[in-house]
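Visitor: Please walk me through the aromatic pairs of this model.

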Amino acid sequence: MATLKLKTNINCLFGEVTIPGDKSISHRSVMFGSIAYGETKVTNFLPGDDCLSTISCFRKLGVTIEESDNQLRIIGNGFEGLTEPDGVLDVGNSGTTIRLLMGILAGRPFFSTLVGDESIGKRPMTRVTGPLTRMGAWLDGRKNGAFTPISIRGGQLNPFHYELPVASAQVKSALILAGLQAAGESTIIEPAETRDHTERMIQQFGGEITKNNKVITVKGGQKLTASTIHVPGDISSAAFFLVAGAVIPRSEIVLKNVGLNPTRTGIIEVMKKMGADLEIVQKDDNSFEPTGDLIIKTSNLKGTVVEGDIIPKLIDEIPIIALLATQAEGITVIKDAEELKVKETNRIDTVVYELRKLGASIEATNDGMIIYGKSNLNGGRVSSHGDHRIGMMLSIAALLCINNVELEQSEAISVSYPNFFAHLNSLIH
Ligand code: S3P
């Protein structure tokens, strides 16, 4: 496991970064290309470890996928074209891969087993295995289907009506993918709006899905047709540079090609509310996912409250928002974010534990955290705990530290942003 000496105490950040492809959309491009009929082409695919796990699983399910220079060529033969894998399907660290795959495999008349790394082994799966079992599939795993390894024998699925107990795009998407294979029309109700990339992609592949307020309706038996997908840049990756640009003195950063799907832009709303000098330029609303360029400059920030329905729109950005709050005047409270406890790590605990080591004044609550600003950060030995977003957040925190910072388990960052340090270093002056 790699320990890295991080850059600290820098003067300013200046320049331009083209943000790599969105992780959620990259996963879905492989999945939909595989279950559609025909040849799908994907550009600006994110070659992060998680998305490579998705490719490897679909290859084991018999799909031809060629990959070169962030481009994919996928030959799909519909759901029916998927075949029983010879060995286990390994999802690595990827929650999106395992949960969405369960929805697909629940309707397939063969046996498969899904495994992952140590972190995946601790993440709750009953939220997906439970409703899929009620639709008529057979799924099991450790602790009555709660944890990996998960085994599935799929088959004919009954249409269903399901109210999601948690706001989760992964669970919603798994059920939509199962609903596409069910004998009739299914409805899913969300407690709060979550990222809608699955719904947009179904339409991009010629399928039909409707959304009325928080009620989603999908018909089974639809045939999807191959498409061409250009993956927009990942706002969750851009978030690290947005915060860095706002907190490092004398900085100005242009972030090109950022996905601006309104179900993902909670970070922009929160940063603006905190007083960030953040501008959206060159907005393009014409493709299936809106995009734009962002300009961030050093900002005077004030504390805020982050709570309620905005939480799913910034769930992956909370670690970096916590760092932002350490550099804002006053108190920031993050509430209604219990879901953080079941991410790649318990992100309430890992954020609080690691930022405290650097000198931040931050405490954990049951459903979030309280951050007291503004803190000077010192330095020390920190760890990603194997969580890519914790690793990147700490690398941005280090830029503010006056003493040395060493990051343990830095390799986790390649899960979602293999070029992260190259891009960060290009901005440091
Ligand atoms: C994702 C949904 C979110 C997010 C994850 C990716 C997706 O998880 O945290 O990084 O691609 O659907 P939940 O939907 O479980 O909150």
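Guide: This is a predicted model, in which local features need pLDDT of at least 70, side-chain atom pairs count only at pLDDT 80 or more, and totals for chains, interfaces and linings use all residues. Residues are numbered from 1 along each chain as its sequence is written, and side-chain values use heavy atoms, without hydrogens and water.

Visitor: Which kind of pair do phenylalanine 240 and phenylalanine 420 form?

Guide: Their ring centres are 6.2 Å apart. The planes meet at 75°, so the pair is edge-to-face.

Visitor: How many residues apart in sequence are the parts that phenylalanine 240 and phenylalanine 420 tie together?

Guide: Helices (H or I, at least four residues) and strands (E, at least two) are DSSP runs, numbered from the N terminus. Phenylalanine 240 lies in helix H8 (residues 235-247) and phenylalanine 420 in helix H13 (residues 420-427), so the separation is 180.

Visitor: Which kind of pair do phenylalanine 241 and tyrosine 417 form?

Guide: Both residues, phenylalanine 241 and tyrosine 417, are buried. Their rings sit 6.1 Å centre to centre, with 85° between the planes: edge-to-face.

Technical notes:
Rings of Phe, Tyr and Trp (its six-membered ring) pair if their centres lie within 6.5 Å; planes under 30 degrees apart count as stacked, over 60 as edge-to-face and the rest as tilted. Buried means under 20% relative accessible area, exposed over 50%, partly exposed in between (1.4 Å probe, protein chains only).
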